[in-house]
Amino acid sequence: ICILRGGVLFLVDLSRHITTPHMLDFMAVTSYGVGKRESSGSARVALDLQTDIRNKHVLLVEDIVDSGHTIHAVLQMLETRQPKSLKVCALLNKPDRREANVPIDYLGFSIPNKFVFGYGLDLDEYYRNLPFVGVVDLEKYKPVR
């Protein structure tokens, strides 16, 4: 299961390296509004799963675990659907920002508390297509719009 939209590029690359037959499904969950750079602390599901996950092994793929509120809410929701197992795979982890205790079973990188974008992560909904993860200086950044 991929959390849209930020996790898509990571999921595609990850999926190419998983040799076990698997299915893909998506959820759109947000705790940020457009143009916001801080989590509101509450998660909103905009798109739910199309697949029944009961008695299935589930890997939840996320671009970044920041405060942990969004992933915590998603894990609670998915647990009620009785998967056989539920694991979290995150490309990036910001442990300095953590407010909710969440497990990360598979992790790409832990990073400092900087605003990052690229490789699926957005900066005001732009730059997801970049083939790298960059750090933005928010004091110097001028929005595209």
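How many bridges join strand β4 and β5, and in which sense do they pair? I looked this up in a predicted model, where local features need pLDDT of at least 70, side-chain atom pairs count only at pLDDT 80 or more, and totals for chains, interfaces and linings use all residues. Residues are numbered from 1 along each chain as its sequence is written, and side-chain values use heavy atoms, without hydrogens and water.

**Entry 1: the pair.** I found that β4 (residues 57-65) and β5 pair in the parallel sense over eight bridges. Strands pair if DSSP finds at least two bridges between them. Strands (E, at least two residues) and helices (H or I, at least four) are DSSP runs, numbered from the N terminus. I noted that isoleucine 64 has leucine 92 in β5 as its bridge partner. From β4 the chain crosses through helix α2 (residues 69-79) to β5, and I recorded this β-α-β crossover as right-handed. Right-handed means that, with the strands pointing away from the viewer, the path from the first strand over the helix to the second runs clockwise.

**Entry 2: β5 itself.** I checked residues 85-93 and found seven of the nine buried (under 20% relative accessible area, 1.4 Å probe, protein chains only). β5 also pairs with strand β6 (residues 106-110), in the parallel sense, over four bridges. Here I saw leucine 92 opposite phenylalanine 109 in β6.

**Entry 3: the whole chain.** I counted two helices and eight strands. Their order from the N terminus is β-α-β-β-β-α-β-β-β-β. Of the 145 residues, 39% count as buried. The C-alpha atoms fill a box of roughly 50 × 30 × 25 Å along the principal axes.

Notes. Buried means under 20% relative accessible area, exposed over 50%, partly exposed in between (1.4 Å probe, protein chains only).
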